[in-house]
Amino acid sequence: QITEALLKERDKQAKWNGIPLLLQKLYEHSHPNSDFSQCQSILKEISPLLSMEAMAFVTEDRKAAQESTFPNTYTFDLFGGVDLLVEILMRPTLITQKKKQKISDDLIKDCLSILYNTCICTEGVTRRLAERNDFVLFLFTLMTNKKTFLQTATLIEDILGVKKEMIQLDDIPNLASLVSSFDQQQLANFCRILAVTISELDTGSDDKHTLLAKNAQQKKNLGPSRAEINQATLLNIPGFIERLCKLATRKVSETTGTSSFLQELEEWYTWLDNALVLDALMRVANEEAEQSSTESSDESGLANTSTRTQLPQSMKIMHEIMYKLEVLYVLCVLLMGRQRNQVHKMIAEFKLIPGLNNLFDKLIWRKHSASALVLHGHNQNCDCSPDITLKIQFLRLLQSFSDHHENKYLLLNSQELNELSAISHKANIPEVDAVVNTDRSLVCDGKRGLLTRLLQVMKKEPAESSFRFWQARAVESFLRGTTSYADQMFLLKRGLLEHILYCIVDSECKSRDVLQSYFDLLGELMKFNIDAFKRFNKYINTDEKFQIFLNQINSSLVDSNMLVRCITLSLDRFENQSDAKVAEVLSECRLLSYMSQMSMRMSFLFRLINIIHVQTLTQENVSCLNTSLVILMLARRKDKLPFYLRTLQQMEYTEKYPGFILNNFHSLLRFWQQHYLNKDKDSTCLENVGHANPPLRLSPQSSCISFTYWKETVSILLSPDRTSPCAIVSYIDEAYMDIDRDFAEE
């Protein structure tokens, strides 16, 4: 509506670079009956003005970039460019005539690239596009075209990243045939998009959300979430999981030829979060090209031509790593979802685990080459390099795969499975059913299984490495569930206990996360295993070492309480056994002697109750409550419950604050009842036998105490009868009583 003359006059002053005029021309040439022939040449003029800004944004420091302005993309959007391009792209869908308009691939490409560049640079554009559901679903239909696939995928990923409401995969027209039309390369890229649609939106800070808030949220959300519905949709696509397993396990040498890869490289910067990855790739390509040309200097002409068509191996590897990352992420999310057992069955059948085992040395845990691909300004060990992300994703997959599932024995090879059987026979205990029932045709092949390979790299990991946490979690998940003596011995024979103790005591590990994962692993490794306590004592053979170990435990009980629980349960079992070997270890082991002192157990109990409150309970620290309950249940078995409660009362008086521990404990137990006796909760997670997928540390370690006994003990402690010697209220003076408050989410 603005006259051309006015636009021209203002253009120089406002530094619009002729964009409004070009948009006016574009508008005129894109009316419903036009053939779009002129549109492309107009877009070719606009495009470079915007792509330069986008490149500047991606390569500059992000923060500085956000502070600076991007006048061309801003002007383009201000004068309606974004809406006009959306209209042009969607025009064919609006026309019902028999003769549909055909937009050329190049025009679609240009429109998508310009939209993407505007989204990158101009605040709010991506959000606006995300609100247009019709446009988002329309973009998926463009993915059937190979020539426009990459631009479409990139734009969709950006839009879904800011979309407030998760899209429903069911709404995508012909999803199954769309997916089946993808080649393996496209499928891997499509996994990037799927990642946003199958992950719960707030999983990032899962441990930080209080259980009160979570319980309230669960009451609101009665049906399955959108992410869960999307996961089910994917599993119903024929052959989907099989193709993902093939992608995850294919060797670099099996990847497709050079030419398609090089075409894709031209636009690859849009794929990665940072254009500098591409720089790094090109740098490596040049290095390798120079190397090969000097090697064959006498035929230098020949060498130069061959390096142009041959892709450097390191580039192929990096490409494959980027793909595997996305695929492993999707498999990992599906393994933790509602259809876990179905996914497990498929993953086993399609031999994902043996396939990953064969890739372990060459790709997943490969040694860095001299010019390892790292972003500028980052070092090799920073968490954003693709190499590192792949390792973490791989470890997370192993953790989800083996956690409380009998398929975990697929992580071993046949020889190692025979070793487990031999351990059971030697100890004269029955073999674990899952070991006997494992299908030997699906296990790892080669000299070592995946679990053993993991142990090897774990021992070589540098002290400050960020992988230590994930490695410990992956091994611990293999041990979780019903305690298996054979599993423990298999790992003890490979020096795992000594390695963990070295990290905790000798290297005096400082990272809270790593320490927590080591304590949890140590708890699973030693629980009820007299040989493990014997080995512990052999390694921690001086008072000085033992003191360092205790200091590490006491430095944060939230992190170490699972180990405290394991020692308490084990001690209780050993004391009830009449075995000479057990008696000997009981008398010699520093750790068991320490925990057998009543004053030590009381000190732990007092602190465990004191560090948590109903308002601050999370999945991370609720284990402290369950550990304090384990200590009191064992006391109840020995008729010592009144003694423990009286001692807590005396400790309160010593601290000059009567009632503060017992009132708090009363509230915590009332919450416990609400939380675990909720009919949706799986009570077996307390006995921790066969619970589908309990959140880490939420369920008490397999305590071998029946759930009924847990419930009874809590009821007895919460009895309102002030004459009962086992009721908490009997130990709080009337004046200090503060137990009737309701839980409100604060």
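Lys 656 is found in the loop between α37 and α38 (660–676). Helices (H or I, at least four residues) and strands (E, at least two) are DSSP runs, numbered from the N terminus. The model is predicted: local features need pLDDT of at least 70, side-chain atom pairs count only at pLDDT 80 or more, and totals for chains, interfaces and linings use all residues. Residues are numbered from 1 along each chain as its sequence is written, and side-chain values use heavy atoms, with hydrogens and water left out.

Lys 656 has a positive phi of about 60°, although it is not a glycine. Most residues other than glycine have a negative phi. Lys 656 counts as exposed, at 72% relative accessibility. Here buried means under 20% relative accessible area, exposed over 50%, and partly exposed in between (1.4 Å probe, protein chains only). Asp 639 also shows a positive phi, near 60°, and is not a glycine. Asp 639 lies in the loop between α36 (622–637) and α37 (641–654). Its relative accessible area is 69%, so Asp 639 is exposed.

The protein chain holds 40 helices and zero strands. Of its 746 residues, 55% count as buried. The accessible surface of the chain comes to about 33800 Å². Carbon and sulfur atoms account for 51% of that surface. Accessible areas come from the Shrake-Rupley method with a 1.4 Å probe; for residues, only the protein chains shown count as cover. Contact means heavy atoms within 4.5 Å. Among contacts between residues at least 6 apart in sequence, 77% join residues at least 24 apart.

Beyond its neighbours within four places in sequence, Ala 635 is in contact with Lys 640, Leu 641 and Tyr 644. Ala 635 and Asp 572 are 63 residues apart along the chain, and their C-alpha atoms are separated by 9.8 Å. Ser 667 and Val 614 are 53 residues apart in sequence; C-alpha to C-alpha, they are 6.8 Å apart in space.

Two packed helices are described by the angle between their axes and the distance between the axes. Axes are lines fitted to C-alpha atoms, for helices over the stretch in contact, and angles run from 0 to 180 degrees between N-to-C directions. The axes of α29 (residues 512–526) and α32 (residues 557–575) come within 7 Å and cross at roughly 15°. The two helices are therefore roughly parallel to each other. Angles under 35 degrees count as roughly parallel, over 145 as roughly antiparallel, 65 to 115 as roughly perpendicular and the rest as oblique. The contact includes Phe 519 and Leu 522 of α29, and Met 562 and Leu 563 of α32. Its residues divide into seven nonpolar, four polar and three charged. Ala, Val, Leu, Ile, Met, Phe, Trp, Tyr, Cys and Pro count as nonpolar, Asp, Glu, Lys and Arg as charged, and the others, Gly among them, as polar.

The axes of α12 (residues 184–198) and α15 (residues 240–249) come within 11 Å and cross at roughly 105°. These helices are therefore roughly perpendicular to each other. Among the contact residues are Leu 187 and Cys 191 of α12, and Phe 240 and Leu 244 of α15. By class, this contact has seven nonpolar, one polar and two charged residues.
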